[in-house]
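Open the model in your viewer and keep the sequence panel beside it. This tour goes from stop to stop, saying what to select and what is found there.

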Amino acid sequence: MRKRVAIIGGGVSGLAAAVRLRDLTPPGTELIVYEQSGALGGKLRTGKLGGVTAERGAESFLMSAPDGSESAALALVRRLELEGALRHPAAVPAALAIGGDLARIPGGTLIGVPGNVADVGSVAQPATDRDLDEGRPLLAAGEDVAVGELVRARYGDQVVDRLVDPLLGGIYAGRADRLSLAVTIPQLARTARIEHTLQAAVRTAQAEAAARRAPGRPVFGALDGGMSRLVAAAAAASGARISLGLPVREVARTGDGWRLVLGPTAAPQLDEVDAVVLAVPSRAAAKLLTGVAPEAGEAIGVLDYASVALVGMAFPAGTKLPELSGLLVPPSEGTLVKAATFVTRKWPHLAGADDPVLVRASLGRAGEAERLQFDDTVLLERAHRELCELTGVALPAPAETFLQRWGGGLPQYPPGHLDRVAQVRGALPDGLAVAGASLDGVGIPACIASGERAAEDVHKALEEAA
């Protein structure tokens, strides 16, 4: 009998699940992707700015996994035969904006955590007498702490406030003192359970990753034509039926499968499937799990999110910017702008001689949603003014702009998050799997790997039930 699998959520996690299921399941298996919005891709969204390709969500992905092996994103790009479209950033440094100056981000760090405190003196004054060998590993087996807690104890406040916080904030829009080490820097969490000093733990993690990384593999990759190209290719390769604009309101167990309740309350539609992948944000997942796995729903529903906004500005060709790929701003600077990318400097394939100069700025951090509650004109003007101040350049008025709001867009992972994820997955009935950034990480590779794991879980359940 032909099997039917529903994937609820058409972001990159759901699409990765659909591609993986197509590869795993027998020919004829019907896959249906339900996406309640009008478009696939979630936070992968490509548009145009000044006639140039511009991302309104994630702009790139890591080419390597934390252990140095090939990332799930690179593997999917190969699977979709998009390797020829890979592009990599220019070898141009980024800077930290501190006290009116731009200081280049020190090398040799692991998301801001230095392997040698002597190398960060231009940015922060580290404590040099705290990282002592006390005769035991930094962390006990299975222990998780906030990144800031560990680094403050060993390197002092300035290393966290001026280096770790802005680098973590650029990825998660969160604060080091509230983010799980095991989730955000897993390779360091692992070596901290072996090594007796933070410096040794960082160096061991870096050495292990370098030993596994393919020689010459770039750190980051993007696609010529934008991330929406990945979305379209994944949807096509999955062979799934795509349903847009039809929300799934309820998931219920039947005797031998699952019933989905779709559409408006006044005119519900039903669908019967053999397995379900939930690839939606945590609150939506918690609601759908209420009737079938309440313990899992309760565990996943408590996750907080940060709201952010992305501003794109197209300046006239020839506009001068600092010789940098971009900048990061520590929270202590008090700006709404937390990061900026000089897009056409960072990505040479977007920088034609007569093309506009593109800058993309990220606004907002966890706990600061109220600072984004202004109309687009106010936020665009604020971003422009702060960019002038941060770069020290009197930038002209942009010829074209965009403002993309991602309300509740970035999950915040407190210490112990991985235990809660294990609790969620352990409470799910066979044939139902979960995936997405709320579980396994915000980066594109983490979301892809999460979707693929969910696909493998439901495939296993289908095989055992056959």
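This is a predicted model: local features need pLDDT of at least 70, side-chain atom pairs count only at pLDDT 80 or more; totals for chains, interfaces and linings use all residues.

**Stop 1: Pro-294**

Select Pro-294, which is exposed, with a relative accessible area of 51%. Exposed means over 50% relative accessible area, buried means under 20%, and partly exposed lies in between, with a 1.4 Å probe and protein chains only. Pro-294 belongs to helix H10, residues 294–300. Helices (H or I, at least four residues) and strands (E, at least two) are DSSP runs, numbered from the N terminus.

Residues are numbered from 1 along each chain as its sequence is written, and side-chain values use heavy atoms, with hydrogens and water left out.

**Stop 2: the whole chain**

Zoom out and show the chain as a cartoon. Its secondary structure comes to 15 helices and 22 strands. The C-alpha trace spans about 65 × 60 × 45 Å along its principal axes. How does the radius of gyration of the chain stand against that of a compact globule? For 466 residues such a globule would have a value near 23 Å, and the chain has 23 Å, so the two agree. The radius is taken over C-alpha atoms, and the globule rule is 2.2 Å times the number of residues to the power 0.38.

Of the 466 residues, 54% count as buried. Among contacts between residues at least 6 apart in sequence, 74% join residues at least 24 apart. Contact means heavy atoms within 4.5 Å.

**Stop 3: Leu-31**

Select Leu-31, in strand E2, residues 30–35. Is Leu-31 buried or exposed? Its relative accessibility is 2%, so Leu-31 counts as buried. Leaving aside neighbours within four places in sequence, its contacts include Val-5, Ile-7, Ala-18, Leu-21 and Arg-241. Leu-31 and Arg-241 are 210 residues apart in sequence and 6.2 Å apart in space, C-alpha to C-alpha.

**Stop 4**

Two packed helices are described by the angle between their axes and the distance between the axes. Axes are lines fitted to C-alpha atoms, for helices over the stretch in contact, and angles run from 0 to 180 degrees between N-to-C directions.

Colour H1 (residues 12–24) and H15 (residues 444–465). They pack at an angle of about 45°, with their axes 7 Å apart. H1 and H15 are therefore oblique to each other. Angles under 35 degrees count as roughly parallel, over 145 as roughly antiparallel, 65 to 115 as roughly perpendicular and the rest as oblique. On the H1 side, the residues in contact include Ala-16, Arg-20 and Leu-24; on the H15 side, they include Gly-451, Ala-455 and His-459. By class, the contact has nine nonpolar, three polar and three charged residues. Here Ala, Val, Leu, Ile, Met, Phe, Trp, Tyr, Cys and Pro count as nonpolar, Asp, Glu, Lys and Arg as charged, and the others, Gly among them, as polar.

H2 and H15 pack at an angle of about 70°, with axes 7 Å apart, which makes H2 roughly perpendicular to H15. Ala-72, Ala-73 and Leu-76 of H2 meet Ile-444, Pro-445, Ile-448, Ala-449 and Glu-452 of H15. Seven of these residues are nonpolar, none polar and one charged.

**Stop 5: two loop residues**

Most residues other than glycine have a negative phi. Select Glu-81, in the loop between H2 and strand E6 (86–87). Glu-81 has a phi near 60°, a positive value in a residue other than glycine. Glu-81 is exposed, with a relative accessible area of 72%.

Then select Ile-111, in the loop between strand E9 (109–110) and strand E10 (113–114). Its phi is also positive, near 45°. Ile-111 is partly exposed, at 23% relative accessible area.

**Last stop: Lys-287**

Finish at Lys-287, in helix H9, residues 282–289. Lys-287 counts as exposed, at 62% relative accessibility.
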